[in-house]
Amino acid sequence: MATVTLRDICKSYGKSETVTNVNLTVEDREFMVLVGPSGCGKSTTLRMIAGLEEITSGQLLIDGVDVTDLPPQRRDIAMVFQSYALYPHMTAYHNMAFGLLKTSKLTKTQVDARIREAAEILNITDLLGRRPKELSGGERQRVAIGRALVRQPKVFLFDEPLSNLDAKLRNHMRGELKRLHRDLGLSIIYVTHDQIEAMTLGTRVAMMSKGRLQQVDRPMDIYLNPANTFVAGFIGSPEMALIACRSDQRGTIRHNAFRSAVELKADNLPNDVLFGVRPEEVSFSRTAGMAQGKVEQSELIGAEALVQVRLGDELMMVRCQVSDAPQPGSDVGLDFDLSRARLFHAGTGQAINLVRE
Amino acid sequence: MSQRFARARRKEALLAYAFLFPSFLFLATFTYWPIIRSFWFSLHDVVLGDPEIFWMGAENYMRVLDDALFWKVLANTAFYTLTTIPISILAALLLAVALDRKLRGMAIYRSAFFYPVMIPSVAAGMVWVFLYAPGYGPINAALGAIGLPHLDWLYDSDLALSAIVIMSAWKYSGYFMLILLAALKLVPSDLYEAARLDGVSGVQRLLHITIPLISPTLYFVVVIGILHSYQVFDYVYVMTQGGPADSTNVLTYYIYQNGFQYQDIGYASTVANTLLVFMLGLIGLVALTLGRRVHYLGEK
């Protein structure tokens, strides 16, 4: 296993730049998830690591060795594709054996041993004689992972591997991937647009937008302390409310719907800030509350309810117990959990450092 | 209820036959009837333009078996087919693989290699007669320039058929290339990417991924190629008239000679029917060998 270092990696097609100055180090045995909306450059970044796309500028190191200009086969990596990319005319066994037999110095017996071992781990021993079209989506994905495993590469790359599976299977395979990573100690770089995959799988998450890295952090840190409004909006469902407020230098935050000013401590606050609150960080007040809102609608989602509340011109979501959910149309008082509240610069969208007590 | 259903179905079937009838009529007039007619002729002594015909039974077929020229013509046709098809398909495959990439001006290259297909065969034949010309021909000039002796391409009985093979391969390969290029476009690019990551070389990718995945199209091209080359007539007619010494005489040309030059329609029909049998046999052989190895892409 190995570390992967990206230094100022850029990719441009003609004049348009799709990946800009990506700096990232993936540690040994780390599960790094690249996440972002479609077109954010995450797949391009992964394909540059794989060697399938040329790196326009910057440097790529695997285990400290510069592989920027090396062809894919000399980087010692394996990749699992969204479409599985299994050879349709070969059985599962031959799909796994093909690359090894053609390129490695392993004997047939050694190759066979590796395939049997990977098949055992992935629970596909019974499927080895079948061709891809005789396999279900989940089984194909296992074979594709098996093909990567038998190579015993330094780094595993996954390009949206679960996107073609149905929801139930996706949950299951997510668990399997987590188990594989833990049991085999693999170094993985994993691309997805799905925030749940990012949050559950990653030891760290690298959030991308418009070709740039927005934040690289552990999943919970990304959730609790998003670096900017983009990350705040992308991670979390329903998304974080960003309420436009006025602020003075000392950290007094005002909004028409607030009964009194909210006091937060920070240095050099701009005049216009966004007050970020997640649905679970708001509660309905038994008294008048910190802010005054009106319930627009309320959705039951099992044990909890999601209540949409209008706060002046803005809408925000409140997560609460079903029994606590107020009727649509009613006026409610809201309390914010200020220990987790955050502020963003209204102009740049960047998070503002708060002084926590 | 079920009776009404059956009646509706019968009505639907009748309607279908009504729609099919015109094309059946066309096929019957121009395909089935001539086949029956030519079989009928092959059992008679028929002279072109003479309404009187005489029953001969299997005599024409006995004559075919004894006809040394027929066997030579058959051998020529087989040689022509078994050389033209592999050469042109191999050339087409290599061209298609080379042209299946995104490069500036690729459309121009593709058109350039397809161009021979658009030239009428008679015109193409005339051009190659000029190219092969013994004294002033560009091919001999080129041979001379690199110190090789001049060749009597179309006038040497050992060489003339090969000269037509070269010309035909040039003409066919552009056509096959276009079909194979379309097939290559359907091979998902991530298969090649997966293979590249696996370290599989370009030649191995061609042999183990490309060729198996386009095998249905290759098979189609082989069958079409056999049908075309067994019926080769125009190049022979324009370039050599079957000569020298019948070295380029092929089955369709031999049929033409017997039917229209010697006006022996009965014998021409017999040769034509024999050609049909050989062609079906060859296609059957191809289906049993190559056809078994074709891999069809796609879902269950």
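## Notebook: chains A and B

**Entry 1. Chain A overall.** I counted the secondary structure of chain A and got 8 helices and 21 strands. I am working from a predicted model. I then took the extent of chain A: along its principal axes the C-alpha trace spans about 75 × 45 × 35 Å. I also looked up burial and noted that 42% of the 357 residues in chain A are buried. For contacts in chain A between residues at least 6 apart in sequence, I found that 66% join residues at least 24 apart.

**Entry 2. Domains of chain A.** I looked up the domain assignment, which gives chain A a domain 1 (4-229) and a domain 2 (238-352). How far apart are the C-alpha centres of these two domains of chain A? I read 39 Å. For the contact between them, I noted 6 residues of domain 1 of chain A and 8 residues of domain 2 of chain A. On the domain 1 side I sorted the residues by class and found 3 nonpolar, 3 polar and no charged residues.

**Entry 3. Confidence.** I checked the predictor's scores next. The mean pLDDT of chain B is 87, and 98% of the residues of chain B reach 70 or more. For the complex I wrote down an ipTM of 0.81 and a pTM of 0.81.

**Entry 4. Domains of chain B.** I found chain B divided into domain 1 (2-42) and domain 2, which is written as 67-132 + 159-293. I read 34 Å between the C-alpha centres of the two domains of chain B. Their contact takes 4 residues from domain 1 of chain B and 6 residues from domain 2 of chain B. The domain 1 side of this contact has 2 nonpolar residues, 2 polar residues and no charged ones.

Entry 5. I looked in UniProt, where an unreviewed entry lists residues 74-288 of chain B as "domain: ABC transmembrane type-1". In the model I found that residues 74-288 of chain B are 76% helix and 0% strand, with the end C-alpha atoms 22 Å apart. The unreviewed UniProt entry also lists "transmembrane region" for several stretches of chain B, including 205-230 and 265-290. I compared these with the model. Residues 205-230 of chain B are 96% helix and 0% strand, and their end C-alpha atoms are 33 Å apart. Residues 265-290 of chain B are also 96% helix and 0% strand, with 36 Å between the end C-alpha atoms.

**Entry 6. Where A meets B.** I listed the contacts between the chains: 18 residues of chain A are in contact with 18 residues of chain B. Which elements of chain A give two or more residues to this side? I found β6 (77-80) and α2 (92-103) of chain A. The largest share, 4 residues, comes from α2(A). By class, I divided the chain A side into 11 nonpolar, 5 polar and 2 charged residues.

**Entry 7. Nonpolar core.** I ended with the largest nonpolar core, which has 159 residues. Which of its residues touch the most other members? I noted A:Val33, A:Leu157, A:Ile189, B:Ile164 and B:Leu180. Helix α7 (residues 160-185) of chain B gives the most to this core, 14 residues. I looked up the neighbours of B:Ile164, leaving out residues up to four places away in sequence. B:Ile164 touches B:Tyr80, B:Tyr235, B:Val236, B:Met239 and B:Thr248.

Technical notes: Residues are numbered from 1 along each chain as its sequence is written. Chains are lettered from A and ligands numbered from 1 in the order in which they are written. This is a predicted model: local features need pLDDT of at least 70, side-chain atom pairs count only at pLDDT 80 or more; totals for chains, interfaces and linings use all residues. UniProt positions are given in the numbering used here, feature names are shortened, and annotations may be inferred rather than shown by experiment. Domain bounds come from an automatic or database domain assignment. Two residues are in contact if their C-beta atoms, placed from the backbone, lie within 7 Å. Ala, Val, Leu, Ile, Met, Phe, Trp, Tyr, Cys and Pro count as nonpolar, Asp, Glu, Lys and Arg as charged, and the others, Gly among them, as polar. pLDDT is the predictor's confidence in each residue, from 0 to 100. A nonpolar core is a set of buried Ala, Val, Leu, Ile, Met, Phe, Trp, Tyr and Cys residues joined through C-beta atoms within 7 Å. A residue is buried if 20 or more other C-beta atoms lie within 10 Å of its own, exposed if 12 or fewer, and partly exposed in between; C-beta atoms are placed from the backbone.
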